[in-house]
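I opened my notebook to go through one structure step by step. The entries follow in the order in which I looked things up.

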Number of protein chains: 2
Amino acid sequence: MSKGLPKRSENYSEWYNEIVKRADLAENSAVRGCMVIKPYGFAIWEKMQRALDDMFKATGHQNAYFPLFVPRSFLEKEEEHAEGFAKECAVVTHYRLKADGEGGLMVDPNAKLEEELIIRPTSETVIWNAYKNWIQSWRDLPILVNQWANVVRWEMRTRIFLRTAEFLWQEGHTAHATEKEAIAETEQMLDIYADFAENWMALPVIKGMKTPNERFAGAVETYCIEGLMQDGKALQCGTSHFLGQNFAKSFDVKFVNKENQLEYAWATSWGVSTRLMGALIMAHSDDNGLVLPPKLAPIQVVIVPIYKSPEDLAAISEKVEPIVKELKAAGISVKFDDSDNQRSGWKFAEYELRGVPIRLGLGMRDLENGTIEVARRDTLTKESMPIDGVAESVKILLDKIQASVYQRALEFRDTNTFPVDDWDEFCDRVEKGGFVLAHWDGTSETEEQIKEKTKATIRCIPLNAPVEDGKCILTGNASDKRVLFAKAY
Amino acid sequence: MSKGLPKRSENYSEWYNEIVKRADLAENSAVRGCMVIKPYGFAIWEKMQRALDDMFKATGHQNAYFPLFVPRSFLEKEEEHAEGFAKECAVVTHYRLKADGEGGLMVDPNAKLEEELIIRPTSETVIWNAYKNWIQSWRDLPILVNQWANVVRWEMRTRIFLRTAEFLWQEGHTAHATEKEAIAETEQMLDIYADFAENWMALPVIKGMKTPNERFAGAVETYCIEGLMQDGKALQCGTSHFLGQNFAKSFDVKFVNKENQLEYAWATSWGVSTRLMGALIMAHSDDNGLVLPPKLAPIQVVIVPIYKSPEDLAAISEKVEPIVKELKAAGISVKFDDSDNQRSGWKFAEYELRGVPIRLGLGMRDLENGTIEVARRDTLTKESMPIDGVAESVKILLDKIQASVYQRALEFRDTNTFPVDDWDEFCDRVEKGGFVLAHWDGTSETEEQIKEKTKATIRCIPLNAPVEDGKCILTGNASDKRVLFAKAY
């Protein structure tokens, strides 16, 4: 099956598309720019959702659901927000079809909406319109709400998981009594995203702030986490916005504070999306297919019997049964693939392609010797182990693989992060790929010129950037810290 | 808080609306017919989702995700389906807004879609278009897929949870190699829905088949479960459709069967929606507010301290702590409400309104006596118990309440189910409310006449209806079993 998978080094983009397809993760649908997330891909997304949802709830957030539709007039209320989203939105103008007299259907011109409805590209406007009625006093605050939803942005160039017209995400929308509390929330959620990326996705990320140019439309400050993919391009993996009082002012959300004065509420919003599926694939996978960190793998362990006769299979199955039981009892998802429509070699390749972290192979000679073959997907190494106690070894190995996948990604990131002080070197480096740490004079003009000349953007101003005297990579003007440049998805 | 809640007997409809509002379950949004599901309401829905999702997975189903948009031409492909849904769908015609020159936004006439997109009212067409590429051989079958999604039907008269323009649901879409297998799947999912209604929602339901008039548009057979609400109206709680080969034919989905012949695939679809929230409220709640079966209650036990001084509260808290721990360890969701901004009396009423199944009250006298007050939401009875071992008693009591809420609904249903053989009695009975079991001659004409004269519809032909000779309640023509009539939501 994995035969013919393009190599990363030869055609990274095609390699990515083929993994998405052959590992049965997703496919393009008949609707332009929209994807179908297939069961195996969705099972990974569900694991992500569960982990994130638990983290949100552990920090006091609750889920809710707000309408899919945004009235046009809502979008108009926050000027920057409108500018940011109006150009790429799906617009509902009618509420009925009728027979066209030729056996087909047509829009019924008599069913025109008085006010057009936009499919939410994000829900700040709809949610702040609701919050107006929820918030009267400081006692009603904070409101810590999240929603899991689909959103639509009519992108012209789409790429499965990475940029699609419709995508799935979560969007947190919180309201606070003070600026300080709202900023603390923004930072807390950024930390949660970084924690999730590192400890679940095994993906090291840089936490930072976006430049004004790259801010969310309507935000005072946008925080983000940035990951590095194997082709040297950056991928924004999550954003957390401090919205100040912008939306409260647009939707007139005031509350009586502790000093008995009317004040506008302070807001944050934050989100991660199915784009993370793209990050997961591109960060770890290899020329044999998907590599999944065990914590997000729908099947963590697969057991493949190697046999000729039904009697062999029966003998192997008997030996496998208690292993399956023990693994399941430990909360490990395990599949014993005793289907007889494919050879074991085909199965080996198939589970490799699908990124199952551990494969156990068991044949008649193993039974005689009391051994079992344990194969790691991440390193592609095999080892023969005593069959007794293998469940215990597998549990330990899963943790080891999770750590090792992270470690490999971290090493890749570190060896591909370059402090650069010379313009020619900068251009060369950016072209070759990787994170480039360089000085910048802090102006939008310079940022735009660099982007024009090199296609590199400022991914973020890292939160932990040390203060140092330097000169802007382009203009030579003074700068006091390095920012993170890269070409990006 | 609960003061002024309308009585069911006086204004059932207003009572329902007020419970939805005051128990903080949901509210109407600014978008016509669309609701906001608030955190407390959503927490109940999440519990429903989790239970159903577990049941689907236990029977071999996997989740996936398909696009929100249905191209107009897809809807046209299955004629009955198109007729059923074209009249009430939200239509996307453009993909961009632009500045209108007066500070607002307008639809950009240059951004008209070549083919309009419908917001999915249900996903048979989109999914069967995808299945075309998934299914080649009998080895690819069955496909057992479910999706959790939002759908839109542009209903003219909406009612929160019961009938909204946008609602949340799950829709299962399966493909099978044989008719027999597809029918078995349809029936299995109906059984799962009935199981969920009875064992989680504590709502007894009648399983049956819809008449041709009431079938899902495009189905060969529609199975349903019907519940009886406290006002005597029926509510359809879930449907499971045997679709035959209708969609396979419309989307040309053929497979090579075991006999090496090309055959169209057999299909089912099945769904339940946020409408179940309405059923849950209307089936159990009383004039004091919401009554929740413990298995679906976001907070199963609330502990309210009764105190005057901070010292009292500290003493009570110390006693409460191990109870909370023990309940949590048993997987019970418990809230200790030690907030000091409301009196205990206010809190009692508030948790009653929100349907928390068990309330524990603990004051200084209780501490002295070593007792605790245990109040049941379903019966509104209170009992003083020894504080030692109360966690154990609470665990047992939760099961008892779950059973008791079901029992009460079952008794209500049974005392309000009437076999009727006389037309005048039929009219009278239907008007007063309840399930009416009557003979019907099996024709659509008669069904429609009865509906016109009485507003009662045939809810279903019960699966377990005994065969007996009888005469149609309207025409007097021969009939061999009774069907279930009622006025319905």
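**Where the chains meet**

I looked up the contact between the chains first, and found that 52 residues from chain A and 52 residues from chain B take part. Two residues are in contact here if their C-beta atoms, placed from the backbone, lie within 7 Å.

**What I am reading**

This is a predicted model, in which local features need pLDDT of at least 70 and side-chain atom pairs count only at pLDDT 80 or more, while totals for chains, interfaces and linings use all residues. Residues are numbered from 1 along each chain as its sequence is written, and chains are lettered from A and ligands numbered from 1 in the order in which they are written. Chain A averages a pLDDT of 96, and 99% of the residues score at least 70; pLDDT is the predictor's confidence in each residue, from 0 to 100. For the complex, the predictor gives an ipTM of 0.97 and a pTM of 0.97.

**The axis**

How can chain A be laid on chain B? I found that a turn of 180 degrees with a shift of 0.0 Å along the axis does it, at an RMSD of 0.0 Å. That is the relation of a two-fold axis. The copies are superposed by least squares on the C-alpha atoms of residues with pLDDT of at least 70 in both. Of the residues of chain A, V92(A) comes closest to the rotation axis, with its C-alpha at 2.1 Å.

Strand β5 (residues 91-94) of chain A is joined to strand β5 (residues 91-94) of chain B by 3 bridges, and the two run antiparallel. I traced one bridge from H94(A) to its partner V91(B). Strands (E, at least two residues) and helices (H or I, at least four) are DSSP runs, numbered from the N terminus; two strands pair if DSSP finds at least two bridges between them.

**A sheet in chain B**

I followed an open sheet of 11 strands with mixed pairing, in the order β3-β9-β10-β16-β13-β12-β11-β24-β27-β23-β22 (chain B). Its edge strands are β3 (62-63) and β22 (417-419) of chain B, each pairing on one side only. Within the sheet, β24 (residues 457-462) and β27 (residues 482-486) of chain B pair in the antiparallel sense over 3 bridges. I458(B) has F485(B) in β27(B) as its bridge partner.

**Backbone exceptions**

Most residues other than glycine have a negative phi, and most peptide bonds are trans. I looked for exceptions. The peptide bond from L141(A) to P142(A) is cis, with omega near -5 degrees, and P142(A) lies in the loop between α5 (124-134) and β9 (143-152) of chain A. The bond from L141(B) to P142(B) is also cis, with omega near -5 degrees.

D24(A), which is not glycine, has a positive phi, near 65 degrees. I found D24(A) in the loop between α1 (12-22) and β1 (26-28) of chain A.
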